[in-house]
2 protein chains.
Amino acid sequence: MTAEIISVGTELLLGNILNTNAQYLSRELAALGITVRRQSTIGDNHDRLADFVNEAKQRCDLLVFTGGLGPTADDLTKETVAACFGDTLTFDSDEWQKIVDFFTRTGRETTPNNRKQAMVPVRGHKVVNHHGTAPGAWFEQDGHCAVLMPGVPHEMKAMWEESVRPLLLARQSCALHSLTLRVLGGESNLEYRVRPLLENLNPTAAIYCKTGECEIRITARAQNDTEAQTMCRAYAKKFYDLLGDAVYDEDVAGLEETVVHTLRSNGLTIATAESCTGGMIAQRLTNVSGASEVFGYGFVTYWEQAKAKLVGVDPAVIAQYNVVSAPVAAQMALGAAKAAGADIAVSVTGLAGPGGGDAVRPVGTVYLGAARGDKVYVKKLFVSRPDRALIRARAAQTALEMALRLAQGKTPAGTQVLTESAQHDPAALTALDETLRAE
Amino acid sequence: MTAEIISVGTELLLGNILNTNAQYLSRELAALGITVRRQSTIGDNHDRLADFVNEAKQRCDLLVFTGGLGPTADDLTKETVAACFGDTLTFDSDEWQKIVDFFTRTGRETTPNNRKQAMVPVRGHKVVNHHGTAPGAWFEQDGHCAVLMPGVPHEMKAMWEESVRPLLLARQSCALHSLTLRVLGGESNLEYRVRPLLENLNPTAAIYCKTGECEIRITARAQNDTEAQTMCRAYAKKFYDLLGDAVYDEDVAGLEETVVHTLRSNGLTIATAESCTGGMIAQRLTNVSGASEVFGYGFVTYWEQAKAKLVGVDPAVIAQYNVVSAPVAAQMALGAAKAAGADIAVSVTGLAGPGGGDAVRPVGTVYLGAARGDKVYVKKLFVSRPDRALIRARAAQTALEMALRLAQGKTPAGTQVLTESAQHDPAALTALDETLRAE
C-alpha cells in the first residue's frame with residue numbers, strides 16, 4: 001500500500017509554523033507497512049488543490065490530509081477532496097450541536113461559516129473529533145482512499161490514534177506491536193553498527209538520533225497481538241546482543257525518566273551541582289513526573305564563590321587546578337551529595353563558550369563528577385563543535401548517564417575514581433588532574 | 001516570482017528526521033518577496049524525481065532543493081535536475097581536492113563514489129560549500145531556475161546565507177531589511193490585535209507564536225539598504241504604538257537574552273529559587289553567553305526542606321499556607337536574593353502535575369515571586385491545560401518577565417507587593433495569601 005501525506009495551510013507555506021505532523025504520520029504509516037511516497041504542503045487555493053488531488057489519487061492508494069478543516073472561507077479542503085472522490089457533503093446535526101455547545105461553553109457565538117464544519121461525506125463517512133470542533137472525513141473511490149484530519153497537532157494525533165489508525169489496521173486485517181529501545185551513544189558510530197538490522201521487512205526497525213543517544217523503534221505485523229509482541233521481543237534481543245547495556249531502557253521519554261525510575265526502585269536520592277549546564281540536569285530530572293521522590297536539592301553554582309559556598313569546593317583547589325578541572329568536578333559532586341544529604345550527586349564544570357578557552361582548555365572542555373558513598377567518579381568530555389547549546393546538552397546527557405550507572409550499582413564508563421577521604425589530598429588531586437587532562 | 005521547496009531524502013519520508021529546512025526556507029523566501037506555492041518531500045528514485053522536476057518546473061520560477069547531494073548511489077538529485085534543465089555535469093578538480101583534503105584530515109579514504117560530489121554544472125554553476133564536502137548547484141533554462149543545497153541544516157543555512165540569498169537579491173536588484181520584534185503575551189489575543197498589520201505587502205509582517213510570547217518579523221524591500229531600514233523602522237513603530245512595552249526587545253533569541261542584557265547594562269545581578277520549574281529559569285539564563293556577569297547562584301529547592309535550608313523559607317509558613325502559596329513564593333525570592341547576595345531574585349512554587357492538586361489548588365496553579373531591594377512582588381499564574389511541560393514553561397517565562405520588569409525599574413504587572421520587613425508578619429502574609437488565592 002502506498003500513501004502520500006498532504007498538509008494544507010498557507011501558514012506552513014509562509015514558514016510561520018513547523019510541520020511536525022508530516023514526520024509523525026510518516027513514522028506511523030511506516031509502522032503500518034504503508035510506504036509514504038511523497039509529503040506535500042499546499043495552500044488553500046481551490047483549483048490548485050483540485051489539480052493536486054486528482055494527480056495524487058492516481059499515484060497512490062491513500063491520501064492523508066491534515067489541516068484545512070477550519071471555518072473560514074479559505075478552508076476548501078473537504079469540499080475539494082469530496083468532489084475529486086465523486087462524493088458530496090451533507091449537514092450533520094449532531095456535529096453542529098457539538099460546535100454550538102463548544103461555542104456556548106467558551107462564551108462565543110457561532111457564525112454562518114461554522115456550519116461548514118458540520119458538513120460530512122455522503123458516500124464516505126465522518127471521523128469523530130473528540131478533542132476539537134472540526135470532524136475529520138473519509139472518502140473512497142475505485143480502491144483509492146483519502147482521510148482528512150485537523151491540522152492542530154494534538155487534535156490530529158488523537159484522531160489518528162483513536163480512529164484512523166484502527167481503521168487502517170482493520171483493513172489490513174493484522175495486528176501491530178511496537179517497541180522503542182533507547183540507546184546511549186553517538187549517532188554515526190551507532191548507526192553503522194546496527195545498519196544490517198535496519199533493513200528488515202517485518203519486524204521493521206528504524207533509528208532516530210538525538211543528542212548523545214538514539215532511539216530504535218521496532219514494529220512487527222502479525223495475525224494477532226501476541227504474535228506481534230513475540231516477534232518484537234525476539235528482534236529486540238538482536239539489538240541487546242549487539243549493543244549490551246548501551247540500550248538503557250524501553251518506551252521511555254528520555255534518559256532522565258530512566259534515571260528517576262532506577263533511583264526510585266533502588267530507594268536512592270540524587271542531587272546536582274551544575275556550572276556550565278546551569279540547571280539543565282535538574283530541569284531534565286524534574287521533567288519526570290514523580291521526580292520529587294528522588295530529587296530534592298539542586299545547586300547551580302555558576303560562580304566560583306557559589307561553588308565554595310553551596311557545595312564546599314576549596315578555593316585553593318580552584319586556584320591551583322583551574323575551575324574547569326577534574327579536582328573541582330570531584331569536590332562539587334562530593335559536596336553536593338553532602339549538602340543535600342543525597343545518596344548520589346552529579347556535577348558539571350566546563351567551558352560552553354563562545355568566549356573563554358585556550359590551548360589547554362579549549363571551548364567544549366567539560367569535567368563531570370558522579371559521587372556515591374565514599375567514592376567520586378570523574379570524567380572528561382570534549383565536544384569539538386564550538387556550539388554552546390550542544391556542549392551544554394552533551395554535558396547534561398553525560399551527567400545523567402553517569403548517574404544511571406551509579407544508580408544501577410555500576411562504574412560509569414571512562415571515569416577515574418577518587419575516594420572522599422582523598423578529596424583534599426594534593427597528591428591524589430594532582431594525579432587525578434593530570435590523568436584526565438591527558439585524555 | 002514563485003517558488004517550490006523540494007526536500008529529497010528517504011529518511012524524511014520514513015519520518016526519521018524532522019524537516020526544519022522547509023520552514024526555514026519558506027520564511028526566507030517570503031522575506032525576499034518570493035511566493036512559496038508548494039513544499040514537497042520526495043525520495044531518490046530517478047524516474048519519480050525526473051517526473052516531479054519536469055512538472056514543478058512548469059508550475060513556478062524557482063525550485064529550491066535540499067538534500068540528495070551525498071556520495072551514495074542513491075543520491076541522484078544533481079544528475080536528474082541537470083537533465084531536466086538541459087544541463088550536464090563536469091568534474092571539478094578544485095572540489096575534488098577539497099573532498100580529498102577533508103577525508104585525509106578525518107583519517108579516512110575516499111571511495112570512487114565520492115567523485116560524484118565533485119561534479120558541477122556545465123551551463124549553470126556550482127555553489128561553494130564552506131561548511132561541508134558537497135558543493136551546491138545552480139541550473140537555469142528558459143527563465144526557470146533550480147538551486148540545489150545540502151540537506152544537513154547547518155550546511156544548508158550557511159550556503160543559503162552566504163551564496164543563494166545574495167544571488168536572489170541581486171537578481172531582484174533590491175535591498176532587503178528585516179527586524180524581529182519580541183512580544184510578551186498569549187497567542188490568540190495578540191494575533192487578533194495585530195492582524196490588520198499583518199496584511200501589508202511591503203514591509204511584510206509575520207507572527208510566530210511561542211510559549212508565552214510571540215515573534216513579529218518585519219521585512220522591507222527597497223532600492224537600497226538605508227531605505228529598507230527606514231521602512232522597517234517606521235512599520236515597527238506601528239507595533240510599538242499598538243502593543244507598548246509588551247514589545248520587550250528586537251532581534252534577540254529569547255526573553256532570557258533581554259533579561260541578561262538589561263541586568264548587565266544596569267549593573268545588576270540575579271538569583272533564582274525554583275521548585276516546579278526545577279532549574280528551567282537558571283538554565284534559560286545560562287543559555288545566554290555572558291550570563292556569568294549577572295548570574296552566579298541558582299537554587300533548585302524541590303523539597304520543602306530545601307526551601308528552608310537553602311533560601312530560608314519558614315517551615316511554619318509552609319505548614320500554614322501550603323507550599324504552593326504566595327507567602328512561600330515571597331520568602332523564596334527574598335531568601336534567594338539574600339543567600340546569593342544578588343540584587344534581584346525570582347522564585348517559583350507550583351503544581352505541574354499530573355499528580356497532586358485539589359479544588360483549591362488544581363494542577364496548573366503557580367505562585368511566583370520577584371524580589372528587589374526590600375520589596376518582593378508576588379503573582380499567581382494559572383495554566384488551565386494540565387500539561388506538565390507547558391505549566392513549567394509558562395511559569396519560567398512569567399518569572400523571566402517579572403525579572404525583566406524589575407531590572408527595568410518597573411513594577412511587574414499583576415503582582416501584589418510585600419516588604420521584606422513584613423515577610424514574617426502573620427497579618428501581612430495572610431492578607432497576601434488571601435488576595436492572591438482569590439484571583
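Mentor: What follows goes through a predicted model, topic by topic.

Trainee: Which residues have the most contacts inside the largest nonpolar core?

Mentor: A:Phe299 and B:Phe299 do, in a core of 74 residues.

Trainee: Take B:Phe299. What is it in contact with, leaving aside its neighbours within four places in sequence?

Mentor: From chain A, B:Phe299 is in contact with A:Gly298 and A:Leu310. In chain B the list is B:Thr272, B:Ala273, B:Glu274, B:Leu310, B:Val311, B:Ala336, B:Ala339 and B:Ala340.

Trainee: Which residues sit on each side of S3(A)?

Mentor: A:Leu62, A:Val64 and A:Thr66 lie on one side, with A:Leu63 and A:Phe65 on the other. Both faces are covered.

Trainee: And what does S3(A) pair with, S8(A) for one?

Mentor: S8(A), residues 144–149, pairs with S3(A) in the parallel sense over 5 bridges; A:Leu63 stands opposite A:Ala146 there. Strand S1(A), residues 2–8, is also joined to S3(A) by 5 bridges and runs parallel to it. In that pairing A:Ala3 is opposite A:Leu62.

Trainee: What lines the largest cavity?

Mentor: It has 22 lining residues, and those nearest its centre are A:Asn19, A:Thr41, B:Asn19, B:Ala22 and B:Gln39. Helix H2 (21–31) and strand S2 (35–42) of chain A each supply at least two lining residues. So do strand S1 (2–8), helix H2 (21–31) and strand S2 (35–42) of chain B.

Trainee: How does that lining of the largest cavity split by class?

Mentor: It has 10 nonpolar and 12 polar residues, with no charged ones.

Trainee: Last topic, helix H4 of chain B. How many of its residues are buried?

Mentor: 6 of the 8 residues in H4(B), which spans 77–84, are buried, and the helix is mostly covered.

Trainee: Which ones in H4(B) are buried?

Mentor: B:Thr77, B:Lys78, B:Thr80, B:Val81, B:Ala82 and B:Cys84. A lysine is one of them, B:Lys78.

Technical notes. Residues numbered from 1 in each chain as written. Chains lettered and ligands numbered in written order. Predicted model: local features only at pLDDT ≥ 70, side-chain atom pairs only at ≥ 80, totals over all residues. Heavy atoms only, no water. Core = buried A, V, L, I, M, F, W, Y, C linked by side-chain atoms within 4.5 Å. Buried < 20%, exposed > 50% of the residue type's maximum accessible area, 1.4 Å probe, protein only. Contact = heavy atoms within 4.5 Å. Helix = DSSP H or I, 4+ residues; strand = E, 2+ residues; numbered from the N terminus. Pairing = 2+ DSSP bridges. 1 Å grid on protein atoms, 1.4 Å probe; cavity = no way out; pocket = protein on both sides within 12 Å on 5 of 7 lines; lining within 4 Å. Nonpolar A, V, L, I, M, F, W, Y, C, P; charged D, E, K, R; others polar.
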